[in-house]
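I opened the model to look up a few local details. My notes follow.

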Amino acid sequence: MALSTRSNNSGNGGRMNPRFQRNQESEHRINERIRASQVRLVGDNVTVGIYPLQEALKIAAEQELDLVEISPNADPPVCKVIDYKKFLYEKKKKEKEMKANAKQSEVKEIRFTPGTDDHDFDFKSKHAEKFLQDGNKVKAYVQFKGRAIQFKERGELILLKFAERLAEISQPESLPKLEGKRMFLMLTPKTAKKKKESA
């Protein structure tokens, strides 16, 4: 009985190896898994246009490439003739590069109070300058404790003065914002700084 069960399972042909098919489906529909009756074909070495699915599959097969559904919600769905394995490899490579670049840029925090004196302000501004020169964003905030929230205008002036002090190497993403008992300002490094220096 066990032998006949095995032979029946092996007779399913293309339905074996469901894990592989699930992995494909989680990314894109490709080749015979595409359900549309006609598709808009794009890609290198193809004439862009609308084709019956079987004809599009034939064009892909003649080039020994895959037909990949890249915009399933379009009408008709957009399919591209590409090497799917190479496409996935390039996609993963780009994602890794983006993650690596994101890790390099951090958000550094600089904390002030409404009573920050000039010496402390200069000290923290120099720290912020170094952070910005290293390509990091700087989130400067004024912390209000208790009744100090009455001096929110003073906090705003400190942040505006801070942005002005670092104007040559950074630009504010927005005006100072008050959230709860904190008023903050985000500064982004200026990419044009090196160009100015070379000029």
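I took contact to mean heavy atoms within 4.5 Å. This is a predicted model, where local features need pLDDT of at least 70 and side-chain atom pairs count only at pLDDT 80 or more, while totals for chains, interfaces and linings use all residues. Residues are numbered from 1 along each chain as its sequence is written, and side-chain values use heavy atoms, with hydrogens and water left out.

Entry on Ser125. I found Ser125 in helix H5, residues 118-133; helices (H or I, at least four residues) and strands (E, at least two) are DSSP runs, numbered from the N terminus. Ser125 has a relative accessible area of 1% and is therefore buried (under 20%; exposed is over 50%, partly exposed in between; 1.4 Å probe, protein chains only). Beyond neighbours within four places in sequence, Ser125 contacts Phe162, Arg165 and Leu166.

Entry on the cores. A nonpolar core is a set of buried Ala, Val, Leu, Ile, Met, Phe, Trp, Tyr and Cys residues joined through side-chain atoms within 4.5 Å. The largest has 18 residues, and Phe162, Leu166 and Leu187 are among those touching the most other members. H5, strand S5 (107-112), strand S6 (137-143), helix H6 (152-165) and strand S9 (182-189) each give at least two residues to this core. H6 gives the largest share, 4 residues. I noted a second, separate core of 14 residues, Tyr51 and Val81 included.

Entry on S1 and S2. Strand S1 (residues 38-42) pairs with S2 in the antiparallel sense over 4 bridges; pairing requires at least two DSSP bridges between the strands. Leu41 has Gly49 in S2 as its bridge partner. In strand S2 (residues 49-52), Gly49 and Tyr51 make up the covered face, Ile50 and Pro52 the uncovered one.
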